[in-house]
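Good morning, and thank you for making time for this presentation. I would ask you to look first at the structure on the screen, and then to follow me through it part by part.

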Amino acid sequence: MSPETGRDSASDGKAYWAANVRIIKISLIIWALVSFGFGILLRPLISGIQVGGSDLGFWFAQQGSILVFLAIIFFYAWKMNKLDREFGVEEE
Amino acid sequence: MDQFTINLLFVGASFAIYIGIAIWARAGSTSEFYAAGRGVHPVTNGMATAADWMSAASFLSMAGLIAFVGYDNSAYLMGWTGGYVLLALLLAPYLRKFGKFTVSEFIGDRFYSPTARLVAVICLIICSVTYVIGQMTGVGVAFGRFLEVDNTTGLLIGAVIVFAYAVFGGMKGVTYTQVAQYIVLILAYTIPAIFISLQLTGNPIPGLGLFGTDLASGEPLLQKLDQIVTELGFNQYTAHDGDTLNLVLFTLSLMIGTAGLPHVIMRFFTVPRVADARWSAGWALVFIALLYLTAPAVGAMARLNITQQFWPNGTDAQAVSLEQIETDPAYDWMATWQQTGMLGWEDLNGDGLIQYYNDASPDMQERAAAEGWEGNELNNFNRDILVLANPEIANLPSWVIGLIAAGGLAAALSTAAGLLLAISSAVSHDLMKGQLTPNISEKGELLSARIAMAVAIAVATWLGLNPPGFAAQTVALAFGLAASSIFPVLMMGIFTKVNNKGAVAGMLAGLLLTLLYIFLHKGWFFIPGTNSFTDAEPLLFGIKSTSFGAVGALVNFAVAFAVSKTTTPIPARIEDLVESVRIPRGAGAAAADH
């Protein structure tokens with residue numbers, strides 16, 4: 001039993017893991033969208049948007065994707081450390 | 001003070017710092033040797049990871065690769081940073097929770113199979129050895145230029161330095177040396193870039209300057225660059241010229257490979273808690289991004305500077321004259337680099353001018369015929385020199401050049417040390433303690449780790465003297481192997497219930513197929529002339545050998561699932577292990593009972 005929530009620990013563990021997998025999936029969709037999407041495959045679609053001498057796809061390939069990767073990792077760390085506490089599985 | 005003395009001062013001072021740290025942080029126990037006693041702060045670890053990660057290839061070669069290819073080599077930028085997302089979300093926290101010393105140890109325990117551990121050790125050693133070749137060539141290049149010795153002597157000096165601090169300090173010494181090396185390398189990389197960005201665009205942030213305005217022409221920088229390179233018959237800088245399939249697969253291979261590189265993964269064993277492992281991956285990428293956001297600007301600006309130097313009056317006027325190259329101080333860098341054999345030009349048509357253009361382009365052949373040119377006269381330009389020569393090309397003060405020398409060496413040495421550490425812990429902890437001599441004492445294990453490190457340095461030095469390609473290309477092969485063998489099996493170990501037989505079959509299938517594909521294209525064991533195919537005309541669906549890692553990874557996953565489905569499911573104790581790895585609570589205990 002987890003002291004904070006009083007729920008059963010086995011089903012709690014499952015719910016914790018399911019929540020984690022859901023966050024990972026959303027994060028990885030964004031990860032793929034900015035790099036393989038905007039940076040490569042979707043570049044022709046957004047090439048109308050000019051960014052300083054080139055187009056938005058070029059910016060994503062050389063700058064934007066890296067900035068989004070950073071945001072994803074920090075978001076994940078913050079979200080998971082919060083989730084750990086909600087489920088009472090954080091480190092002592 | 002002449003340039004040589006300044007270089008010597010900068011390099012000497014940085015080496016004195018590294019050796020000082022190595023003496024202060026000598027490893028006394030195996031926990032210190034393998035995991036720095038698990039007491040490293042997440043930000044410190046992030047910085048050490050960044051130095052560990054950013055190699056001679058990142059520092060020396062990447063800007064050059066981008067400069068001479070343009071958009072299509074964005075794969076390196078996205079691939080080498082995107083892997084950290086996979087690492088942070090899919091591997092680092094769970095492997096830290098598992099709380100052992102090596103990547104192969106996790107594989108061995110999770111798949112309850114000494115065979116799985118052995119296969120993992122072999123994959124790990126092949127990856128790390130391939131990777132270390134690129135570092136050693138980088139060390140040779142940097143020493144060769146700045147200490148005015150030939151490449152071979154430079155390489156040998158580098159090997160002795162790495163030996164000194166990696167053998168004694170282990171992970172603890174390496175971690176704190178890497179923090180110092182990170183500071184040296186990031187200053188060395190960004191300071192000249194800021195100067196150049198200010199000169200060209202007036203913007204002090206290179207990543208913004210790249211999308212800014214070229215002050216000389218008043219046009220956007222990238223537009224100007226596109227214009228002058230196409231006028232000389234080269235591909236448009238910002239355009240996509242290669243095939244999309246290879247670009248996607250190559251980027252993916254670099255990402256998966258990054259997340260599967262043992263010397264990077266093992267850095268996350270050094271932080272105290274699971275939560276720290278998550279933060280630390282973010283900090284690592286912050287420190288990495290400082291260089292990676294700058295690199296494309298360095299590449300584009302250097303390409304613009306160099307091209308304009310060869311065509312000082314514009315691309316449709318007369319090219320630079322031999323006389324100007326010999327007398328104008330702005331061209332001094334060319335003579336310096338010519339001595340190293342990495343830059344060469346020849347006045348083919350004897351007109352006293354050096355025409356630099358793409359002689360394979362039909363338009364340019366027409367112009368060449370009209371103007372009496374007999375081919376591109378800048379006939380040797382090793383891309384690896386671009387970052388090192390950049391401050392000289394832009395006429396920056398000589399202390400900046402000294403700083404670059406120290407930075408290039410810091411990048412190569414810090415990565416080499418991390419790799420050698422991965423190799424030596426694989427040999428001493430996984431092979432010696434895990435398989436051959438399980439009852440070895442801690443002292444004996446430490447000694448065997450140090451001997452393994454020394455042997456690894458000798459092998460790496462030999463391979464560095466006989467390298468298979470540009471530093472970055474050599475490294476790209478290591479990524480293919482890490483992607484096809486290590487990453488999939490680690491991920492399946494955490495996120496699925498794949499069994500022992502599945503893991504071994506998957507790893508072998510991924511590794512052997514990728515290795516076969518690379519050898520078929522690059523020559524067996526990289527011996528020139530033994531290849532049956534080339535990357536210009538690859539064997540399967542136009543997939544180049546450097547992009548094959550992602551395919552190898554898919555094969556690994558597929559084979560592992562298929563074999564696992566048809567064989568005995570994992571026992572209950574392994575189910576428990578998987579459950580415990582997924583939950584942070586208890587990480588301290590797992591570390592302590594080792």
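Let me begin with chain A: among its contacts between residues at least 6 apart in sequence, 56% join residues at least 24 apart. Please keep in mind throughout that this is a predicted model.

The secondary structure of chain A consists of two helices and two strands. Read from the N terminus, these elements follow the order α-β-β-α. Chain A has 92 residues, and 51% of them count as buried. The chain exposes about 4300 Å², with carbon and sulfur atoms supplying 69% of that area.

I turn now to the place where chain A touches chain B. How many residues of each chain are in contact with the other? On the side of chain A there are 42, and on the side of chain B there are 53. The size of an interface is often given as the accessible area lost when the parts come together. For chain A and chain B, the area buried between them is about 4300 Å², and 72% of it lies on carbon and sulfur atoms.

Polar pairing also occurs across this interface, where twelve residue pairs, both members at pLDDT 80 or more, are in polar contact. Which elements of chain A give two or more residues to the side that touches chain B? They are helix 1, residues 9–41, and helix 2, residues 56–86. Helix 2 of chain A gives the most, with 19 residues. By type, the residues on this side of chain A comprise 24 nonpolar, 13 polar and five charged.

Next, the salt bridges. Side chains of opposite charge can pair when their charged atoms come close. Over all chains, a search of the whole structure finds seven salt bridges, and two are found across the interface of chain A and chain B.

One salt bridge joins the side chains of A:Asp84 and B:Arg278, at 2.8 Å from N to O. This pair crosses between chains, with A:Asp84 in helix 2 of chain A and B:Arg278 in helix 13, residues 274–292, of chain B. Are these two residues buried or exposed? Both A:Asp84 and B:Arg278 are buried. Another salt bridge brings together B:Arg585 and A:Glu90, with an N to O distance of 3.7 Å.

Within chain A, the side chains of A:Arg43 and A:Asp55 form a salt bridge at 2.9 Å, N to O. This pair links distant parts of the chain: A:Arg43 lies in the loop between helix 1 and strand 1, while A:Asp55 belongs to strand 2, and twelve residues separate them. A:Arg43 and A:Asp55 are both buried.

In chain B, B:Asp276 and B:Arg273 meet in a salt bridge at 3.5 Å, N to O. Why does B:Asp276 count as buried? It does so because its relative accessibility is 9%, under the limit of 20%. B:Arg273, by contrast, counts as partly exposed because its relative accessibility is 37%. Chain B also holds a network of salt bridges that links B:Lys497, B:Glu575 and B:Glu579.

Finally, I would draw your attention to B:Gln199, a residue of helix 8, residues 151–201, of chain B. B:Gln199 is partly exposed, at 44% relative accessible area. Apart from its neighbours within four places in sequence, B:Gln199 is in contact with B:Leu215, B:Ala394 and B:Leu396. B:Gln308 is 109 residues away from B:Gln199 in sequence, and their C-alpha atoms are 14 Å apart in space.

Thank you for your attention.

Technical notes:
Residues numbered from 1 in each chain as written. Chains lettered and ligands numbered in written order. Predicted model: local features only at pLDDT ≥ 70, side-chain atom pairs only at ≥ 80, totals over all residues. Heavy atoms only, no water. Contact = heavy atoms within 4.5 Å. Buried area = accessible area lost by both parts, 1.4 Å probe. Salt bridge = Lys/Arg side-chain N within 4 Å of Asp/Glu carboxyl O. Polar contact = N/O pair within 3.5 Å; in protein donor to acceptor, adjacent residues only side chain to side chain. Helix = DSSP H or I, 4+ residues; strand = E, 2+ residues; numbered from the N terminus. Nonpolar A, V, L, I, M, F, W, Y, C, P; charged D, E, K, R; others polar. Buried < 20%, exposed > 50% of the residue type's maximum accessible area, 1.4 Å probe, protein only. Areas by Shrake-Rupley, 256 points an atom, 1.4 Å probe, with all protein chains shown as cover.
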